[in-house]
Amino acid sequence: MKQLLTILLCTLFLSCQRRSSTMREPIIAVDTIQKPTVVEDLLFSNDTISLYKIDSISFYDAKSKIVLKTDTIPYIEDFEKVKAMLKGRAVFGNVSFSQGVMQVDTLIDGDNLCLIRALNGHTVSVLENTEFGYIGFYRYYPTEEILLFEGGHSSDFAIDLRTGAVGAELVGNPAYILYTPNKQFRLNGYFPGQECSGYFIQRMDGDYYMHVAEIPLHLTSEGFDLCTLKDSFWRDDTELYFKNTYFGTDDDKRLGFFKLKIHSK
């Protein structure tokens with residue numbers, strides 16, 4: 001009887017051992033776990049920037065590691081208030097054209113920009129910039145010292161009141177501005193009156209932001225590979241991420257995710 005009990009106990013022990021071994025989780029070596037392949041296709045590069053097309057995994061992974069914020073720059077749309085604020089610095093009047101000859105009258109309380117006296121002493125006159133006669137006031141950004149106007153086809157036209165720089169392609173539209181974390185660089189842009197916007201990078205130089213790199217719109221023979229940038233964010237002080245979009249289009253092969261890298265100087 002004692003021998004039979006010993007046999008039963010041994011059988012029960014071996015059965016438990018077999019059950020335990022079959023329920024054990026398989027061991028997987030860490031080295032065998034495959035990470036998703038990161039896709040980066042270099043589209044453009046020069047001495048200042050490189051532009052890559054990336055996959056959505058890379059885009060959202062970078063986005064998940066930052067705290068998103070919106071740069072809100074104050075502006076004034078009351079034209080009469082702006083004229084009073086800029087008295088002596090911006091002169092408005094009436095600009096007309098007769099048989100192709102421009103006539104300027106600053107004694108009339110008109111809406112046309114006639115003269116700018118920039119903070120650096122530079123003077124900008126309608127006599128050298130006849131386009132002043134065709135633009136209308138839109139906004140004044142006092143912290144940026146930028147006067148923003150609207151031209152034909154709702155195009156942007158901007159003047160930097162600090163430097164006297166003229167043209168949205170140089171000054172930009174502050175509504176497009178997105179700063180890097182330390183504000184050394186910023187994304188800027190403008191609407192030229194066509195479907196696609198233009199974009200460029202500026203760098204802080206002393207007290208001013210200076211134009212340092214244009215983001216190319218034409219990357220292939222098709223042209224306008226980049227159009228309207230959405231969901232833009234800076235991962236750090238040199239890497240900008242964004243989506244490329246087209247109005248009313250969701251199946252164009254030029255859509256997608258992009259990364260811009262500013263080269264270290």
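This is a predicted model: local features need pLDDT of at least 70, side-chain atom pairs count only at pLDDT 80 or more; totals for chains, interfaces and linings use all residues.
Q: Which residues touch the most other members in the largest nonpolar core?
A: Leu113, Ile116, Phe132, Tyr140, Leu147, Phe149 and Ile159 do, in a core of 23 residues.

Q: What does isoleucine 116 touch?
A: Leaving out residues up to four places away in sequence, isoleucine 116 is in contact with Arg89, Ala90, His122, Thr123, Val124, Leu147, Ile159 and Leu161.

Q: What is in the second core?
A: That core is separate and has 18 residues, including Leu51, Ile201, Phe258 and Leu260.

Q: Switching to cysteines. How many disulfides in the whole structure?
A: One. The bond joins cysteine 196 to cysteine 227, with 2.2 Å from S to S.

Q: Left-handed or right-handed?
A: Left-handed, at -95° about the S-S bond.

Q: Where do the two cysteines lie?
A: Cysteine 196 is in the loop between β11 (185-190) and β12 (198-205), and cysteine 227 is in the loop between β13 (208-215) and β14 (228-234), so the link ties together parts 31 residues apart in sequence.

Q: Is cysteine 196 buried or exposed?
A: Buried, at 6% relative accessible area. Cysteine 227 is also buried, with 0% relative accessibility.

Q: What about cysteine 114, buried or exposed?
A: Cysteine 114 is buried, with a relative accessible area of 3%.

Q: How does the lining of the largest pocket divide into nonpolar, polar and charged?
A: There are 13 nonpolar residues, six polar and six charged.

Q: And how much space lies in the second largest pocket?
A: About 240 Å³. Of its 16 lining residues, Val67, Leu68, Lys69, Phe233 and Trp234 are the closest to the centre.

Q: Which elements give two or more residues there?
A: β10 (178-179) and β14. The largest share of the lining of this second pocket is from β14, with four residues.

Q: How do the lining residues of the second largest pocket divide?
A: Into eight nonpolar, three polar and five charged.

How values were computed: Residues are numbered from 1 along each chain as its sequence is written. Side-chain values use heavy atoms; hydrogens and water are left out. A nonpolar core is a set of buried Ala, Val, Leu, Ile, Met, Phe, Trp, Tyr and Cys residues joined through side-chain atoms within 4.5 Å. Buried means under 20% relative accessible area, exposed over 50%, partly exposed in between (1.4 Å probe, protein chains only). Contact means heavy atoms within 4.5 Å. A disulfide is a pair of cysteine sulfur atoms within 2.5 Å. Ala, Val, Leu, Ile, Met, Phe, Trp, Tyr, Cys and Pro count as nonpolar, Asp, Glu, Lys and Arg as charged, and the others, Gly among them, as polar. On a 1 Å grid over the protein atoms alone, a cavity is a set of points where a 1.4 Å probe fits but cannot get out, and a pocket is an open set with protein on both sides within 12 Å along at least five of seven lines; lining residues have an atom within 4 Å of a point. Grid points are joined across faces, edges and corners, and a volume is the space filled by probe spheres set on the points.
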